[in-house]
Amino acid sequence: MTSYRFPNNFLWGAATSAYQIEGAADVDGRKPSVWDTFSATAGRTLNGDTGAIACNHYHTYREDIKLIADLGIKNYRFSLAWSRIMPDGRGKVNEAGVDFYRRLVDCLLEYGITPHATLFHWDSPQALEDLYGSWLSREMAQDFADYATAVVTRLGDRVTSWMTLNEITCFTHLGYGVDRVPQHAPGRQVGSDSEVWQTVHHALLAHGLGCQAIRAATPQPCSVALVDNFAVTVPIAESPQHIAAAQKAFGSFGYNGGILLPALTGAYHPDFFKPGAAAPKIQDGDLQIIHQPLDSLGFNIYCGTYVRAADNEAGFEIVNFAKSYPQMHMPWLFLQPESIYWGIRHISETLGRSDLPIFISENGCATEDEVNWKGEVVDSDRILYLRQYLKSAHRAVSEGYPLQGYFVWSLLDNFEWSWGYDRRFGIIRVDFPTQSRTPKSSADWYAECIRQNRAV
Ligand code: GCO
């Protein structure tokens with residue numbers, strides 16, 4: 001009988017990102033990021049929302065960390081704002097910006113919470129957009145590495161868990177568009193798909209040079225991870241032929257062939273080298289830089305895609321979600337707990353990287369929360385979602401796949417990018433006008449999972 005108990009050293013955490021929660025956009029020397037510019041541009045975000053104030057976490061971090069501690073959460077994933085630390089993107093370090101993260105980390109450590117720091121969660125300095133078009137330029141990779149060096153030199157005495165880039169897909173494919181206005185910053189239209197893939201290639205180089213920079217700068221042993229939301233192919237049923245179809249589909253599905261594959265296997269998918277394919281320009285030695293040894297992979301998972309065996313050349317086909325398939329409060333977010341299990345299994349089995357530890361760096365959902373007459377948010381739908389995914393994560397652990405931890409997305413309701421404040425992913429409610437915090441029922445449920453070290 002299974003009790004969904006996790007191994008004793010399993011890490012339980014919660015995640016956030018800088019632009020989504022910090023606010024204080026022009027405090028202590030911070031200069032604009034591309035997300036400040038993008039969200040201030042008419043029509044780019046719902047209701048014209050911006051992250052200028054967000055959760056005001058820059059000023060309330062002590063109270064927020066106390067809430068983390070109260071829930072028994074022992075690991076906290078946050079990101080650093082590049083334009084706080086290097087307001088011009090390169091060159092001079094703004095020590096006042098670094099000091100904020102020093103205070104934040106020290107406060108976490110005082111509560112016995114381990115900090116896990118992401119260096120880049122999409123908010124690149126506007127100065128570099130103005131200078132050379134951000135990820136369109138190869139220079140961005142070296143500037144990112146220099147920024148990583150500046151951070152790790154200063155904070156590496158107290159942070160030992162580093163993540164380079166979060167979700168390359170989102171700030172490249174969703175930030176640059178061909179024939180359409182992109183939904184994400186910098187919101188640039190470019191002329192061809194290969195130009196978009198060039199931004200990906202530069203991001204991969206930034207990851208590789210960033211890994212080297214972290215390892216060179218750290219004053220003590222540390223771990224380095226990439227965080228990716230790779231596309232997960234889920235067999236429609238676990239029969240040998242549908243499993244084989246999902247495995248066949250995995251390497252080329254979504255953007256996997258141009259992001260996950262080069263990062264974890266050192267090669268782009270062969271499809272990139274077919275005539276007419278939208279391949280980026282790759283210089284000698286690039287793939288060695290990109291394919292860095294990693295201590296773990298951060299896996300952001302919300303849902304995947306069903307696949308079945310098919311009698312066609314590819315040997316598989318995609319199965320769209322049926323009309324009344326259960327869905328959370330986002331157009332792309334279906335309830336598909338098997339995606340967590342299959343994502344982990346694909347890394348180990350399909351890509352042959354069973355040596356690579358994995359942690360769930362984000363998992364969560366948006367719900368239409370209501371405050372009841374007692375002032376509570378009883379988000380039974382979020383509990384349903386999270387519980388199913390945790391059980392599926394447990395299945396991966398029980399079958400011996402190297403899953404080390406789980407970070408719920410998100411600690412707080414926050415600025416949900418182009419959806420502004422309209423979509424709530426937090427286990428803690430934020431009332432934005434008053435900035436008051438209310439732990440939701442899902443927070444109590446999560447605290448109990450942590451206390452019992454299992455999916456309850
Ligand atoms: C992500 C994003 C988060 C989003 C979350 C919900 O890394 O996907 O990091 O910032 O808020 O995914 O859409």
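Q: Is Thr164 buried or exposed in this predicted model?
A: The structure is a predicted model, and Thr164 is found in strand β4. Buried means under 20% relative accessible area. Because Thr164 has 0% relative accessibility, Thr164 counts as buried.

Q: Which residues does Thr164 touch, not counting residues up to four places away in sequence?
A: Thr164 belongs to strand β4, and neighbours up to four places away in sequence are not counted here. Contact means heavy atoms within 4.5 Å. On that basis, Thr164 touches Thr118, Leu119, Phe120, Phe144, His207, Gly210, Cys211, Ile214, Val224, Ala225 and Leu226.

Q: Which strands each supply at least two residues of the lining of the second largest pocket?
A: The lining of this pocket includes Ser161 and Trp162, as well as Ser223 and Ala225. Gln404 and Phe407 also line the second largest pocket. The strands that each supply at least two lining residues are β4 (161-166), β7 (223-228) and β13 (403-409).

Q: How many charged residues are in the lining of the second largest pocket?
A: The second largest pocket holds about 150 Å³ of space. Its lining has five nonpolar and five polar residues. Among the residues that line this pocket are His116, Asp295, Ser296 and Phe359. By class, the number of charged residues in the lining is one.

Q: Which residues lie nearest the centre of the largest pocket?
A: About 960 Å³ of space lies in the largest pocket. Its lining is made up of 35 residues, and these divide into 18 nonpolar, 13 polar and four charged. Those nearest the centre are Glu167, Cys170, Leu174, Asn229 and Trp332.

Q: What is the radius of gyration of the protein, and why does it agree with a compact globule?
A: The C-alpha atoms fill a box of roughly 60 × 55 × 45 Å, taken along the principal axes. Because a compact globule with 456 residues would have a radius of gyration near 23 Å, the value for the protein agrees with that rule. The radius of gyration of the protein is 21 Å.

Q: What percentage of the 456 residues in the protein is buried?
A: The protein contains 15 helices and 15 strands. Among contacts between residues at least 6 apart in sequence, 76% join residues at least 24 apart. A residue is buried when its relative accessible area is under 20%. Buried residues make up 61%.

Q: What share of the accessible surface of the protein belongs to carbon and sulfur atoms?
A: The accessible surface of the protein comes to about 17,100 Å². The part of this surface that belongs to carbon and sulfur atoms is 51%.

How values were computed. Residues numbered from 1 in each chain as written. Predicted model: local features only at pLDDT ≥ 70, side-chain atom pairs only at ≥ 80, totals over all residues. Heavy atoms only, no water. 1 Å grid on protein atoms, 1.4 Å probe; cavity = no way out; pocket = protein on both sides within 12 Å on 5 of 7 lines; lining within 4 Å. Points joined across faces, edges and corners; volume = space filled by probe spheres on them. Nonpolar A, V, L, I, M, F, W, Y, C, P; charged D, E, K, R; others polar. Helix = DSSP H or I, 4+ residues; strand = E, 2+ residues; numbered from the N terminus. Buried < 20%, exposed > 50% of the residue type's maximum accessible area, 1.4 Å probe, protein only. Rg over C-alpha atoms; globule rule 2.2 N^0.38 Å. Areas by Shrake-Rupley, 256 points an atom, 1.4 Å probe, with all protein chains shown as cover.
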